[in-house]
Amino acid sequence: MRAWSAAGVAGAAVVMLSGCPSSAPVRPADPAGSQLSWVVAAVSRAPLDRRELERHFTGRFLVEVPPERLNRTLRSMAGLTVSKVARLSPAALVATARAGSRRLEVRLTLDAAGRIAGLLFRPPARPVPANWAEVDARVRGAFLAAEITPSGCRITHGVAAAVVRPMGSMFKLYVLGAVARAVRQGTLSWDTPLTVDARLKSLPSGVLQERRDGSAVSVLEAARLMISISDNTATDLLIHRVGRRAVEQIVRAWDGQAGGNTPLLTTRELFVLKGAAYPRYAAGYLRAADKRRFLDSVVAGVPLASVKSWGRPRETGRLEWFGSPLDLCRAHAELRALTDPRIAEIMSAHDGELGLGWPSVWFKGGTEPGVLARSYSVLRPDGTIGFAVAMTADQRATGELVALAKAGLTLKR
């Protein structure tokens with residue numbers, strides 16, 4: 001669940017799962033079916049105490065999704081009813097459900113002990129466009145399908161593919177690029193420890209903000225968390241370690257959008273600018289002649305406790321991270337060109353709900369009110385590397401963006 005995105009409040013998704021449901025029904029006695037029955041009953045009783053949650057969820061789940069946030073999600077599913085259940089695997093299922101007037105898909109997976117390791121509430125999957133004309137008709141923002149080759153990105157199909165847009169957490173691809181460059185240059189290693197510091201802590205999504213001040217996390221673990229669960233504190237620790245200007249250099253080298261991303265904001269800074277005494281700090285930053293100085297002298301001193309969530313877009317055209325679909329393709333291409341197995345491990349942590357079962361899927365998305373984007377690069381069974389990205393201002397359109405991306409990766413080239 002991401003109660004916070006990299007720059008705002010997101011929806012009630014919990015932990016991402018992947019896979020294609022079969023038609024085999026889950027028997028009522030199945031452990032997964034029993035846990036689903038418990039979830040359906042639990043939404044009417046939430047908030048639940050920690051002891052009950054610990055009996056049903058894995059410890060790792062409750063670290064990534066603390067009880068308070070999990071209870072908020074369960075309460076938001078009031079009136080949950082299930083009409084159809086199908087298997088994903090012996091330890092996982094997908095259910096068609098309804099909560100009030102909302103149609104939902106509920107995905108649930110268990111660990112070996114039968115406790116819930118993953119839970120996702122989302123709108124039903126959208127149909128994949130059957131042709132490029134249908135893709136064009138359904139795009140509500142920008143879209144690109146391309147092939148990644150040794151010479152770069154070769155466009156297959158695009159809609160506003162060169163138009164720069166807010167991209168949310170996908171800027172973390174550039175942070176990863178700066179880290180990888182430092183590792184190649186020998187100024188950093190994947191094992192280098194980073195110190196968790198209260199001054200560098202951000203807000204969720206993520207788990208590192210819960211770590212004790214002064215504790216250590218390796219560069220590799222921070223990078224994994226930054227990409228796999230979009231951990232904001234991990235991101236800011238890495239930016240602090242490699243340097244803000246080093247990330248800006250990667251942006252400049254890879255796509256030329258340095259202007260809109262200079263100075264490159266940390267996630268903590270964006271939270272403060274948009275969520276603390278808004279629009280006081282945002283307005284001050286936008287009119288500041290020396291924006292770097294404003295960040296260091298003013299924003300750095302604003303406590304995170306003063307940040308309040310926001311549900312409507314705030315300055316997404318001026319206070320954000322920016323890139324075009326083509327820029328994002330180049331970012332994926334540059335990361336793949338590094339041929340570092342650690343990068344491959346980090347980028348393929350999960351498939352972003354693509355569910356195609358291909359040999360390698362790299363995913364990074366981004367979201368905040370007024371911003372939603374999903375980017376994928378994949379190794380197809382035929383050995384080619386495909387890329388797809390879809391971007392929109394409608395934060396509720398995750399399922400539609402996944403469907404568009406599937407079309408971009410599977411339609412005839």
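This is a predicted model: local features need pLDDT of at least 70, side-chain atom pairs count only at pLDDT 80 or more; totals for chains, interfaces and linings use all residues.
Close-up 1. The buried residues of α7 touch several neighbouring elements: α6 (172-185), β10 (193-195), β11 (216-218), α8 (232-242), α14 (341-347) and β13 (360-368). Helix α7 itself covers residues 219-228 and is mostly covered, with eight of its ten residues buried. Those residues are V219, L220, A222, A223, L225, M226, I227 and S228. After the helix comes S230, which has a positive phi, near 55 degrees.

**Close-up 2. Helix α15 and what covers it.** Helix α15 runs from residue 398 to 410. At 1.5 Å a residue, its 13 residues should span 18 Å, and the end C-alpha atoms are 18 Å apart, so the two values agree. Its buried residues are E400, L401, V402, A403, L404, A405, A407, G408 and L409. Their cover includes α5 (132-138), β7 (141-149), β14 (371-379) and β15 (385-392).

**Close-up 3. The disulfide between C153 and C329.** The structure holds one disulfide. It joins C153 to C329, with an S to S distance of 2.2 Å. The pair links distant parts of the chain, 176 residues apart. C153 sits in strand β8 (residues 152-159), and C329 in helix α13 (residues 325-337). The torsion about the S-S bond is about -110 degrees, so the disulfide is left-handed.

**Close-up 4. Exposure of the two cysteines, C153 and C329.** C153 has a relative accessible area of 24%, so this cysteine is partly exposed. C329 counts as buried because its relative accessibility is 0%.

Terms used: Residues are numbered from 1 along each chain as its sequence is written. Side-chain values use heavy atoms; hydrogens and water are left out. Buried means under 20% relative accessible area, exposed over 50%, partly exposed in between (1.4 Å probe, protein chains only). Helices (H or I, at least four residues) and strands (E, at least two) are DSSP runs, numbered from the N terminus. Contact means heavy atoms within 4.5 Å. The expected span of a helix is 1.5 Å times one less than its number of residues. A disulfide is a pair of cysteine sulfur atoms within 2.5 Å.
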